[in-house]
Amino acid sequence: MKVLVIDEDEDIRNITRHMLTAEGHEVTTCSRLSPRELPLQWADIILLDEWSGPKKEGVSLSFRIKSFMGAASKPIIVFSTDEDTATLAQYARADGYLQKTFDLDELIRIIDNTAIPQKIN
C-alpha cells in the first residue's frame with residue numbers, strides 16, 4: 001500500500017516511514033505543503049498530523065485535500081496529540097483518527113486494512 005505521511009515533526013515522519021517500510025509499504029513523507037504540492041494521486045491512504053495551534057492547519061488541509069478531484073475518496077487518518085483528536089477528525093471530515101502517542105501495531109493494522117480505527121459520527 002502507498003502511504004503518504006504529512007507531519008511537521010521530522011522524527012515522526014522518519015519513524016513512521018521506517019516502520020511502514022519494514023512492513024512492506026511504500027511511504028512518502030512531507031511536512032506542511034499546499035495540496036497542489038502533495039503527491040495525492042500517488043497515495044492509497046493519507047496519515048495527516050493535526051499540528052497544534054489556534055488555526056488547526058491539519059483540519060484545514062484535510063478539507064482542501066477532500067476538495068481535490070480524485071482525492072475526495074482517499075482515506076485520511078488524522079493523528080494528533082490533541083486531547084480531542086476524535087472531534088478534530090470529525091470536523092476535518094477525516095475517515096478515522098489515532099491519538100498520539102499511538103500503538104505502532106495499531107497503526108500497522110489500520111494501514112494494512114485501510115480501516116477506520118474508530119467510527120466518526
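Visitor: Let's start with threonine 16. Which element holds it?

Guide: Threonine 16 sits in helix H1. Keep in mind as we go that this is a predicted model.

Visitor: Is threonine 16 buried or exposed?

Guide: The cut-off for buried is under 20% relative accessible area. Threonine 16 has 3% relative accessibility, so it counts as buried.

Visitor: What lies around threonine 16?

Guide: Leaving aside residues up to four places away in sequence, threonine 16 touches Val5, Leu47 and Leu107. Its side chain also has a polar atom 2.8 Å from the backbone oxygen of isoleucine 12.

Visitor: How should I read the helix around it?

Guide: Begin with the general idea: an α-helix has 3.6 residues a turn, so residues three or four places apart point the same way. Here, H1 covers residues 10–22, 13 residues in total. From first C-alpha to last, H1 reaches 18 Å, close to the 18 Å expected.

Visitor: Which residues of H1 are buried?

Guide: Arg13, Thr16, Met19 and Leu20 are the buried ones in H1. Seen down the helix axis, the buried residues of H1 fall within an arc of 140°, so they line one face. On the face turned away from that buried side, you will find the exposed residues Glu10, Asp11, His18 and Ala22.

Visitor: Now the wider fold. In what order do the elements of the chain run?

Guide: Starting at the N terminus, the order is β-α-β-β-α-β-α-β-α, which comes to four helices and five strands. Among contacts with a separation of 6 or more, 58% join residues 24 or more positions apart.

Visitor: And how do I read the interior?

Guide: In soluble globular proteins, nonpolar side chains tend to be buried together. In this chain of 121 residues, 43% count as buried. The largest nonpolar core has 16 residues, and Leu4, Ile6 and Ile76 are among those with the most contacts inside it. Strands S1, S3 and S4 and helix H2 each give two or more residues to this core. A second, separate core of 15 residues includes Phe79, Phe102, Ile110 and Val5; Val5 is also one of the residues that threonine 16 touches.

Note on methods. Residues numbered from 1 in each chain as written. Predicted model: local features only at pLDDT ≥ 70, side-chain atom pairs only at ≥ 80, totals over all residues. Heavy atoms only, no water. Expected span 1.5 Å × (residues − 1). Buried < 20%, exposed > 50% of the residue type's maximum accessible area, 1.4 Å probe, protein only. Arc of directions from axis to C-beta. Contact = heavy atoms within 4.5 Å. Polar contact = N/O pair within 3.5 Å; in protein donor to acceptor, adjacent residues only side chain to side chain. Core = buried A, V, L, I, M, F, W, Y, C linked by side-chain atoms within 4.5 Å.
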